[in-house]
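Visitor: Hi! I'm new to this one. Could you show me around?
Guide: Happy to. Here it is.

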Amino acid sequence: MKANDDFYTLRDQDLMLTADEMEAGQREFPATHVTNEGVSYPSFPDALRRVAQADPPNKCVSCRKPGYYYPADKPYAPGHCYSEQGRLEFTRISSCCEFCFDYMFREPEEEEPMDDSHARLEDAYNYEQEARAQDGSD
Ligand SMILES: [Zn+2]
């Protein structure tokens, strides 16, 4: 299955079904997160079910699933925010979950010429340096 198809499948299906598919071994999901204090999160599929049941009002503007935070290496399901930065982005700024955000800004399938992307990176860097220099001028 192509990644694109999978995105839309997950987006349009119920989180309960996604949780079932994960436990049935049909989809990958992150290892159960344990905090530095040794507190275990519920398993990821269980966390999905709790979110679906609680149905919190803050929905992602893209997938319309409730946003939730579960530390992981990448987003695994719609509404999933896996990093502290993504969680803050969702709650304070965009209301776009990292599952959708990462999909929208995924690596393009066709690689751009190296020279071009390198030049743009340098532009961004120079711009940042200038902005910093101006900040410090007052
Ligand atoms: Zn979303």
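Visitor: Which residues touch the most other members of the largest nonpolar core?
Guide: F44, L48 and C97 do, in a core of 23 residues. A nonpolar core here is a set of buried Ala, Val, Leu, Ile, Met, Phe, Trp, Tyr and Cys residues joined through C-beta atoms within 7 Å. Keep in mind that this is a predicted model: local features need pLDDT of at least 70, side-chain atom pairs count only at pLDDT 80 or more, and totals for chains, interfaces and linings use all residues. Residues are numbered from 1 along each chain as its sequence is written.

Visitor: Which element gives the most to this core?
Guide: That's α3, with 4 residues. Helices (H or I, at least four residues) and strands (E, at least two) are DSSP runs, numbered from the N terminus.

Visitor: And what is F44 in contact with, leaving aside neighbours within four places in sequence?
Guide: M22, F29, P30, T32, Y70 and Y76. Contact means C-beta atoms, placed from the backbone, within 7 Å.

Visitor: Switching to α2, which of its residues are buried?
Guide: L15, T18, A19 and M22. Buried means 20 or more other C-beta atoms lie within 10 Å of the residue's own, with C-beta atoms placed from the backbone. These residues lie on the same side of α2, because they cover an arc of only 100° around the axis; the arc is that of the directions from the helix axis to the C-beta atoms.

Visitor: What comes after α2?
Guide: G25 follows α2, and its phi is positive, near 80°.

Notes. A residue is buried if 20 or more other C-beta atoms lie within 10 Å of its own, exposed if 12 or fewer, and partly exposed in between; C-beta atoms are placed from the backbone. Two residues are in contact if their C-beta atoms, placed from the backbone, lie within 7 Å.
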